[in-house]
Amino acid sequence: MILSAILYGLSMFAAGWYFGVKDGEYLPIFDVGFRFHTTTYVIHNGISLLWIGLGFGSHYEKISTPLMTTIYWGVFLFIHFLFYLWARKNSIDNLDKDEIFD
């Protein structure tokens, strides 16, 4: 089970990296990846906590598992936020302001 979780996490990271780079090449505004990451974090963890909290989970599932996932993922989201703040000043590269705003 641990191996499948690690493989899943690595594949999601690779997919996010790949599509994030493609999105950045198509439209070089780099804050989009952080918004996707935050939205995914809120939706996934909200549903996970509600699923267990409302009693829809198996009797073997405990609320501590989604809580720990929320905490660990939150650490990585915070690191992503720090990178976002660092790169924010250069969020629009190689775009002419006349082409963006009418």
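Entry 1: I looked up the second largest pocket and found a volume of about 150 Å³. A pocket here is an open set of points on a 1 Å grid over the protein atoms alone, with protein on both sides within 12 Å along at least five of seven lines, and lining residues have an atom within 4 Å of a point. The volume is the space filled by probe spheres set on the points, which are joined across faces, edges and corners. The model is predicted, and local features need pLDDT of at least 70, side-chain atom pairs pLDDT 80 or more, while totals for chains, interfaces and linings use all residues. Residues are numbered from 1 along each chain, and side-chain values use heavy atoms, without hydrogens and water.

**Entry 2: the lining.** I listed H44, N45, S48, W51, I52, E61, K62, T65, P66 and T69 as the lining. Helix 2 supplies the largest share, five residues. Helix 2 and helix 3 (64-87) each give at least two; helices are DSSP runs (H or I, at least four residues), numbered from the N terminus.

**Entry 3: N45.** I then turned to N45, which lies in helix 2 (residues 32-53). N45 is buried at a relative accessible area of 4%, where buried means under 20% with a 1.4 Å probe and protein chains only. I found a polar contact of 3.5 Å between the side chains of N45 and H44; the term denotes a pair of N or O atoms within 3.5 Å, one able to donate a hydrogen and the other to accept it, and for residues adjacent in sequence both must be side-chain atoms.

How values were computed
Buried < 20%, exposed > 50% of the residue type's maximum accessible area, 1.4 Å probe, protein only. 1 Å grid on protein atoms, 1.4 Å probe; cavity = no way out; pocket = protein on both sides within 12 Å on 5 of 7 lines; lining within 4 Å.
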